[in-house]
Amino acid sequence: MVDPARRHPFDAGTMLIVPAVLLLALVFVAPLLWFFAKALASQGGPAQIVAYVATIVTSKAVVSALILTNWTALLVTGLVLLISYPLAYTLANSRGMRFTLVLFCVVVPYFTSIIVRTYSWMVLLGRNGIVNQALIQLGLIDTPLTLLYSMTGVLIGMVYVLLPYMVLTLYATMRSIDPGLMRAARGLGAGGFYAFRRIYLPLSIHGVLSGSLIVFILALGFFITPALMGGPSDVMIAMLVERSVEIMYDWSAAAVMSLVLLVATLVLYGVYYRTTDVRRMMGA
Amino acid sequence: MHDLRLGRGLILYVVGACLVLVLPIAILVVLAFGDQSYLRFPPQSFSLRWFIAFFGDPRWQRALWSSLLIAAIACAIATVLGFFAAYALVRSDMRHKKLLLSFMLLPIIVPYVITAIAMYFVSAPLHLVGNVVWIGVCHAVIALPIVLLILLSSLQGVDLNLERAALSLGSSRVRVFTRVVVPLALPGIVSSALFAFLASFDELVISLFLAGVRSETLPVRIWNSLHLQVEPVIAAVSAFLIGVTAAVLLLDGAVRQARSNKTARLRAIA
């Protein structure tokens, strides 16, 4: 079919992507490549670089940071999923005022600065913070709990920051599930939980997977919240990268650790790319 | 359509979860209006004391200006380039579209710490650390994916036939772009610009490395102050940032509302 509007004028349209690609190539990809190349080359020839990478990757600090990062990311993803699923379900099955209210409660934190969100929990969780005060007044505890500057604080902060990503991703999937299916199952005599397990859960599993992937990816590289809310020994890999540059001025070590984190992130993003429509990322 | 009936337990849970989501932010705003020299909830008395301390301090003022300037630059670059790219992705028949898009979304996937260190690594020898324009360009990289995600869905709603019609009636390619495509996509462009501005205004990690002492942004100053103490002025600055977020969300809502009203009117005419 010869369509004048679809032939060459739209080839000119293709060129419109070039400025954005150039921006990313020059200000994003090139600095990354240059950083890895320069910082590693300073260690000598290929043999020395391989030996150096091996030393860093097997060093005690890096190994324990990697283990902690993985467990934290896994735990955060699980918690976020458990907390988000009923929220997203409610969102998908509400209209009008109820829908607007729940969406408002999810979207407001989503668009609030991460440092502000982290700070708000630091205020709540401090030794004399509101949470401890409330627990003491309710008579549940006698002495204040150590919530801030501990792994508990890191988990609470990260779950809070990452929750909206999961809710919005799950909602995007659940929105297209016909509520009539659940009603039909109930009408045919299925129990509530049975109908959920056999009908709703399988239909929403795709959202569960892509939401979990995106939250896990973001949790792996998390820096601000663990750095502010964690204790001295709660060092995640992204913090170790920052410290080796800011405190030790050790660019080579930072490059090796960054490379490990980057490869892990890109592999998971590859899985995400295979399984999900990237246009739906972040619940867009 | 009716609401699906939800169990009482679920409703109770959702109310609780929503409170936990919103309360930390609400409490912070309330605390910012307190009068004491330490944070205590509920405040004994209210005042604007900490806001006056924030706006009266030249260092916080300078941080505010740096933040605004950087966000304006990042927003302008990301919105224009993002709009062009989104148009190309939606309209042309190029191959590997999905791959290209997922490459362009990488800046929000790659951990910010890595991006920031790499950017610092090339900026330092070029004496670009602390350069407001350069920080704006770097923030544009982070804001670009957000612009793309918003505009891809909004451009998909623009009817290709309108462009075909204008072209076949003899309009030039540029004219079709400026007179048909841009006006039709305007609500999407405005809302992507708003969120691009917000992304840069709230960004911490890249600014932390690139700002130097010259161009500290608000988040960077909060970060630096938090390492010293949890002083009430930070609550006031946070409340200000929350206010900016609220303004962006309200404006975006207004733009969406205006668009849906317009569509409804057009439907009524047709």
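Along the sequence, chain A runs α-α-α-α-α-α-α-α-α-α-α-α-α. In total, chain A has 13 helices and zero strands; helices (H or I, at least four residues) and strands (E, at least two) are DSSP runs, numbered from the N terminus.

This is a predicted model, in which local features need pLDDT of at least 70 and side-chain atom pairs count only at pLDDT 80 or more, while totals for chains, interfaces and linings use all residues. Residues are numbered from 1 along each chain as its sequence is written, and chains are lettered from A and ligands numbered from 1 in the order in which they are written.

Chain A is more spread out than a compact globule, because its radius of gyration is 24 Å, well over the 19 Å that the globule rule gives for 284 residues. The radius is taken over C-alpha atoms, and the rule is 2.2 Å times the number of residues to the power 0.38. Along the principal axes, the C-alpha atoms of chain A fill a box of roughly 80 × 70 × 30 Å.

In chain A, 69 residues are in contact with 77 residues of chain B. Two residues are in contact if their C-beta atoms, placed from the backbone, lie within 7 Å. On the side of chain A that touches chain B, α2(A) gives the most, with ten residues. The residues of that side divide as follows.

| Class | Residues of chain A |
|---|---|
| nonpolar (Ala, Val, Leu, Ile, Met, Phe, Trp, Tyr, Cys and Pro) | 53 residues |
| polar (the others, Gly among them) | eleven residues |
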